[in-house]
Amino acid sequence: MNTPTMNSMQRTLTALGQKEPDQVPLFLLTTLHGAKELNLTIEDYFSRAEHVVEGQMRLRQKYRSDCLYAFFHASIETEAWGGTTIFLPDGPPLCGAPAIQRPQDIDTLQVPQVVTCAPLAKVLATIRALKQRVGDTVPIVGVAISPFSLPVMQMGFHAYLELIYEQPERFEKLMQANEAFTVAWANAQLEAGATAICYFDPVASSTIVPRELYQRTGMRVAQRTISQIKGPTATHLASGRGLGLAEDIMSTGTAVIGVSAQEDLAQWKQIAAGRINLLGNLNGVEMRRWTPQQAQDHVKTAIAKAARGGGFILGDNHGEIPWQVSEEVLLAIGDAVQRWGRYPLSWVADEHATEPA
């Protein structure tokens with residue numbers, strides 16, 4: 001017999017409690033698609049909180065997602081530090097020139113005041129309005145780029161890696177400033193009504209830096225930062241691999257880990273069961289080329305590998321669905337959850353399902 005129908009908040013909290021809800025929660029993290037719904041350019045869409053609120057409400061109803069996503073774009077955080085944003089017609093906005101032009105600039109860096117920053121105020125207004133619309137029935141996910149990953153946008157990838165290896169004292173000074181900002185920014189979102197914070201930390205991934213380096217840098221940063229965030233966090237490596245870092249990531253106190261499409265959900269489930277929750281791991285890049293049947297197959301496989309016993313939220317592997325993913329495929333993902341994600345998962349064999357062709 002199926003569990004009685006739950007609302008999205010009940011469904012999510014049950015799954016995060018390592019129990020089986022009525023069905024697998026679906027966090028379809030669509031951002032840019034809101035512009036399509038409102039027939040706006042991406043730049044116009046993100047120019048007003050009201051647009052994003054309406055876009056998120058429409059997207060959730062259309063695609064049956066179990067969350068609302070208050071994320072605008074990553075570069076909005078660098079705007080707070082004096083950076084700029086470059087808008088594209090068919091993709092996520094990009095960062096303009098780095099705000100930190102020379103390592104010496106770190107010596108006089110001033111931490112932005114979240115409450116007086118106009119770009120961030122739009123996000124907070126969005127969260128407050130979404131909270132007024134849904135109350136406690138739907139999780140509202142806020143986003144904060146980790147202090148360890150933010151410098152890629154603040155100063156550029158090459159310059160940042162040089163800083164880590166060649167100027168450790170300035171690196172630590174930058175981390176102190178970034179930690180203060182990230183904590184304030186995350187807590188402001190929680191105060192505005194966000195249910196949880198997605199802690200984006202792609203530089204932590206073993207895809208980018210060696211584990212030893214992460215252990216003595218980004219892991220310690222995450223431990224300090226997450227301990228000061230006044231609500232639950234989900235650590236997302238934005239497509240990067242994290243399986244070899246499982247124990248390190250769990251030591252930070254985060255509640256959820258985003259799983260890369262390059263990793264096996266079944267392996268993650270074995271490590272994570274009863275200890276941390278999983279989010280993932282549909283391949284957003286490949287999703288652009290899926291047929292509706294392929295979407296159904298991939299959803300079914302992910303559920304078979306990771307959903308038994310709760311502790312699993314179905315989503316993409318990057319934290320943002322690409323603009324080019326079709327409405328047809330997104331609808332098929334929702335259909336597949338309705339069909340294959342209802343507990344108890346009596347159709348799941350003892351052995352994990354194989355990857356679809």
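What is the relative accessible area of D107? D107 has a relative accessible area of 35%, so it is partly exposed; the term covers values between buried (under 20%) and exposed (over 50%), with a 1.4 Å probe and protein chains only.

## Basis of the model

This is a predicted model, in which local features need pLDDT of at least 70, side-chain atom pairs count only at pLDDT 80 or more, and totals for chains, interfaces and linings use all residues. Residues are numbered from 1 along each chain as its sequence is written, and side-chain values use heavy atoms, with hydrogens and water left out.

## The sheet

Helices (H or I, at least four residues) and strands (E, at least two) are DSSP runs, numbered from the N terminus. Eight strands make up an open sheet with parallel pairing, in the order β1-β10-β9-β8-β7-β6-β5-β2; two strands pair if DSSP finds at least two bridges between them. Because β1 (26–27) and β2 (68–69) each have a single partner strand, they stand at the edges, and one side of each lacks a neighbour in the sheet.

Four bridges join β6 (residues 196–200) to β7 (residues 233–236) in the parallel sense. The bridge partner of Y199 in β7 is T235.

## Helix α8

Within helix α8 (residues 157–166), Y160, L163 and I164 are buried. They cover an arc of only 95 degrees around the axis, which puts them on the same side of α8; the arc is that of the directions from the helix axis to the C-beta atoms. An α-helix has 3.6 residues a turn, so residues three or four places apart point the same way.

The buried residues of α8 pack against α7 (151–155), α9 (168–192) and α10 (211–216), where contact means heavy atoms within 4.5 Å. On the face turned away from the buried side are the exposed residues H158, Y165 and E166.

## Salt bridges

The structure contains 17 salt bridges, each defined as a side-chain nitrogen of Lys or Arg within 4 Å of a carboxyl oxygen of Asp or Glu. One of them joins D107 to R170, with the closest N and O atoms 2.7 Å apart. D107 lies in the loop between β4 (94–95) and α6, and R170 in helix α9, so the pair ties together parts that are 63 residues apart in sequence. R170 is partly exposed, at 22% relative accessibility.

R216 also forms a salt bridge with E212, and their closest N and O atoms are 2.7 Å apart. Both residues lie in helix α10, four residues apart, about one turn of the helix.
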